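Here is a friendly tour of a two-chain model for someone who likes to know the cut-offs behind each term. Please have a look at the sequence and the coordinates, then read on.

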Amino acid sequence: MTTQAEPSQHRSEDDPRIMLHGQMGQYEQVPPYPPRTEREAEFYTLGDGEMFLNMGPQHPSTHGVLRVVLKISGEKVVDLDPVLGYLHRGVEKLCENSDYHHIISQIDPLEYVSSLFMEWAPVMAFEQLMDVQVPRRAEYIRVLTGELLRVASHALFQGWMALDLGGLTPILYSFIERDEIVEALAALTGQRMLFNYFRVGGVNGDLNHEFLSRVGDWMSRALVEHEANIGLLNENEIFVRRMRGIGRVDRDTALRMGVTGPNIRAAGVPFDVRRSHPYSVYPELEFNVPVRGANGGGDSLDRYLLRLDEVRESIRIIDQCLHEMPDGPVMARLPRLMRPRPGRAWAAVESPRGLFGTYVISDGTDQPFRFRIHDPSFVHLQLVGMLMKDNLIADTMAVMASLDPVMGGIDK
Amino acid sequence: MNRSASPASLIGRVVIPLLLIALVVGPVAVVFLATVIGPWVVGVVNSNLGILRFVLAIAGVLLFSIPAAFIIIYMELKVIAYMNLRVGPNRVLPAGAAHSVVAGLKVLTKEDFTPNGADRIVFTWSPVLVFLTAVMTFMVVPFGPGLVGAPLNIGLLYLFAVGGMSVVGLLLAGWSSFNKYSLLGGLRSAAQVVSYEIPLTLSVVGLILLAGTLSIDSIGRQQAGWVWDWFVFRQPLGALIFFIAGVAEANRTPFDLTEADSEIVAGFATEYSGMRFGFLFFAEYVNVFIMSALIVTMFFGAWNAPVDVNWLLRLVGVGPLSINLDPGQLGSSLMAAAAVVPLLATLILAAPVYLLRRHRPAWQALLAGFLLLNLLVLGVIGLAAYMDWDWVAGLVWFMLKSFVFVFVFVWMRATFPRVRIDQLMGFAWKWLLPAALLNLFVTAFAIVLIKSAGIN
């Protein structure tokens, strides 16, 4: 018995046993559905000599599962359309259905590169709701581990930046730095990546000997290694020329778009949550807020160099924390089952990517009524459409890498 | 157990009849070959010596290109690994020496996939074209004095003509893949290779004026003597331009835009798999070797040693060395020596190994001694060949110098980021081309000046 093939079906040229659906020209139809908005209709209309290039979600340099549909004319990017949601887990809803302790582990994998900051913001918000005074030693431990992780995150950024521009070696050097820190944190928390260490009212455990010896070992040569990593790359003519003048974000644009973190400091605005809205024990610590690109807006190179400056400041903070660490408990006394007062709380921390904030509404039960996340990567991704236009395909990598987005946080 | 009892094993049942057949057929065949076929073959060979030489040269070049690519691939894996503070391949053979060979075999066993919508014929044959153009360039590269596939007197012209053809293969591969990344990679390679062909060619014109010939063999001969006789000291700018343009021609970092993995995935090779990918992959490394070989041939003394050995020997008071040993003179003592010397030498060489490692079995020491003896003999033979035949010496120096440049290529890959396409084109047209023209004019002017002054 033979089955009649539908007219839209044809046999694969590769293997005649395989039936394919649709016409051969189906590849030309992007997207395969009629446009839903005016913007989509405009974007998906090709001009003369233009074509679409679908970058991602599986692409070596989109930092995860970001998909960008580029409309290109030759090598030039005419227009682009980022498509999000490939890593969407519904973290906010998950958190609303978990109790307050559980949220810490739910929110951990948001920005898997620097997950302690993801724990820090909700923990601070819950402490506001519960009116808990966190012990000073716990605050110092939080700052210490956080700044260590900031160095690790920026080290990864430096390596990825070079890798996206075609340099093979720097990422392996910066991974050494990152690995030493991550191993130390693993000795403290038991995990290498998703630490699950902060608790409402303190931290999960006191500093142990292995952590301290590893950190001390690393601190003894941290600045030297940092300088060595800088020397590996920063005076490379090709590297500098690839990044100078690319992806300029001026002061006004940065403020208007809600950019935070290193990206706004590279645009000449000295905004740092640690100084502007002080939290934890940062007011007691000495550190500078490095600013670059004061005249004419920050380009990719400014954003890159600013993160290197921040590493130096973080090492200063770690040094102070280690020297001024007070004695005492690391956890406040709290009931096992937390039922905070009804109310709302906002807490923000300066994550390596910028202002990471959580907004919690409590209705007096053991689960938050509403839980909202402000993620800096998501805000910075809005810049991509503006920065990549009229650049070359190769520049999209320089711009994207210099904004340092993490897809976990963007897709939530 | 109803296994039939057979007196002969499987091997016996196959080999013994074969032996019997060979005993009968062998002599007949020998007589037939010697009387009927032999003279005919000799006649054909004698009358077609040129063609035969050409075919042999092609076979040699094809056979040489594969191990050369394997060595370079292994070198790249290992050198970049050490520069990255990694270990690199370390599984197959000691230090992973056969890693690239095994990877090559793996490529052979993979599915040869053609994407739907691709132009099948072009898609299939363009890697072959790319590989062939790379290998064809080998034909005029002199590996030693007289050791050249085709001693053309317009070798340089042939070189640039054939080398420029590789862009056609890359473009076809990019176009026929039915993939936008491939298309971009193919177009990039077309733009890049065509642009850099011009400074590459112009940088050598000054050298051609100096040497007065287009024959690569002759250019090599003119650099005999000391280090300062190499053309790099008379054409430093030309050598620099040739090197940079050569890196771009071979599509290597920092000019590897055609296969920029962070931008266009793998460029023209995106849709290729199996041996078709293998051809593209090998072609890249063959190109690296060819570029190194050309730089060495034209600017770094070709096969010549950096020191004038004969001059040195005369300084010491020794004439040009050659080995005049006639084994026939030794007679029966040669037989005795052949029987006794290896045994004695094995025992002598095994003795220190045995004394140092007494806890090991004695046969291991003996094996080590035997291997050492073999190495020693090979070394002596090699040394004799080096001193006696100038092509062996030339081959050694040529390979040594070529692989120094291959190392530089690999080193650059580990060190540099990638340039952007506009920077790449700007560099070729705004810097390299004027510099090459300047080099040409200065050289020409200097030659005219020297000739009119009546020197030489």
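The notes below go from the model and its confidence to the sheets, the helices and the contact between the chains.

This is a predicted model, in which local features need pLDDT of at least 70 and side-chain atom pairs count only at pLDDT 80 or more, while totals for chains, interfaces and linings use all residues. Residues are numbered from 1 along each chain as its sequence is written, and chains are lettered from A and ligands numbered from 1 in the order in which they are written. Helices (H or I, at least four residues) and strands (E, at least two) are DSSP runs, numbered from the N terminus.

- Where pLDDT is low, the predicted coordinates should not be read in detail.

**The sheet β8-β9-β10 of chain A**

- Three strands of chain A form an open sheet in the order β8-β9-β10, with antiparallel pairing; strands pair if DSSP finds at least two bridges between them.
- β8 and β10 of chain A are at the edges with a single partner strand each, so one side of each has no neighbour in the sheet.
- From one strand to the next, the twist averages 15°.
- Strand β8 (residues 343–351) of chain A runs antiparallel to β9(A), and nine bridges join them.
- Two residues lie between β8(A) and β9(A), which form a hairpin.
- On the β9(A) side, G354(A) is the bridge partner of S351(A), and L355(A) is the bridge partner of E350(A).
- β9(A) also runs antiparallel to strand β10 (residues 368–374) of chain A, with six bridges joining the two, and there S362(A) has P368(A) as its bridge partner.
- The hairpin of β9(A) and β10(A) has five residues between the strands, and G364(A) takes a positive phi near 90° in it.
- Strand β9 (residues 354–362) of chain A is mostly covered, with seven of its nine residues buried; buried means that 20 or more other C-beta atoms lie within 10 Å of a residue's own, with 12 or fewer for exposed, partly exposed in between, and C-beta atoms placed from the backbone.
- Helix α4 (residues 115–130) of chain A lies across β8 and β9 of chain A and runs at about 150° to β8(A); such angles run from 0 to 180 degrees between N-to-C directions, with axes as lines fitted to C-alpha atoms, for helices over the stretch in contact.

**The sheet β3-β4-β5 of chain A**

- Another open sheet has three strands in the order β3-β4-β5 (chain A), and its pairing is antiparallel.
- Its edge strands are β3 and β5 (76–83) of chain A, each pairing on one side only.
- Direction ignored, neighbouring strands of this sheet are turned by 25° against each other on average.
- Five bridges link β3(A) and strand β4 (residues 67–73) of chain A in the antiparallel sense, and L53(A) has L70(A) as its bridge partner in β4(A).

**Helix α15 of chain A**

- How many of the residues of α15(A) are buried? The count is 11 of its 11 residues, including I393(A), M397(A), M400(A) and L403(A).
- D404(A) follows α15(A) and has a positive phi, near 55°.

**Chain B**

- Chain B has 16 helices and zero strands.
- Its C-alpha atoms fill a box of roughly 80 × 75 × 65 Å along the principal axes.
- Of the 456 residues in chain B, 38% are buried.
- Among contacts in chain B with a separation of 6 or more, 77% are between residues 24 or more positions apart.
- Helix α5 (residues 155–176) and helix α6 (residues 180–211) of chain B pack at an angle of about 170°, their axes 7 Å apart.
- That makes α5(B) roughly antiparallel to α6(B), a label for angles over 145 degrees, whereas under 35 counts as roughly parallel, 65 to 115 as roughly perpendicular and the rest as oblique.
- The contact of α5(B) with α6(B) has 14 nonpolar residues, eight polar and one charged; Ala, Val, Leu, Ile, Met, Phe, Trp, Tyr, Cys and Pro count as nonpolar, Asp, Glu, Lys and Arg as charged, and the others, Gly among them, as polar.

**Where the chains meet**

- Chain A gives 30 residues to the contact and chain B gives 27 residues.
- On the side of chain A that touches chain B, β3 (51–55), α5 (136–164), α9 (237–243) and α15 (393–403) of chain A each supply at least two residues.
- That side of chain A has 16 nonpolar, seven polar and seven charged residues.

Note on methods. Contact = placed C-beta atoms within 7 Å.
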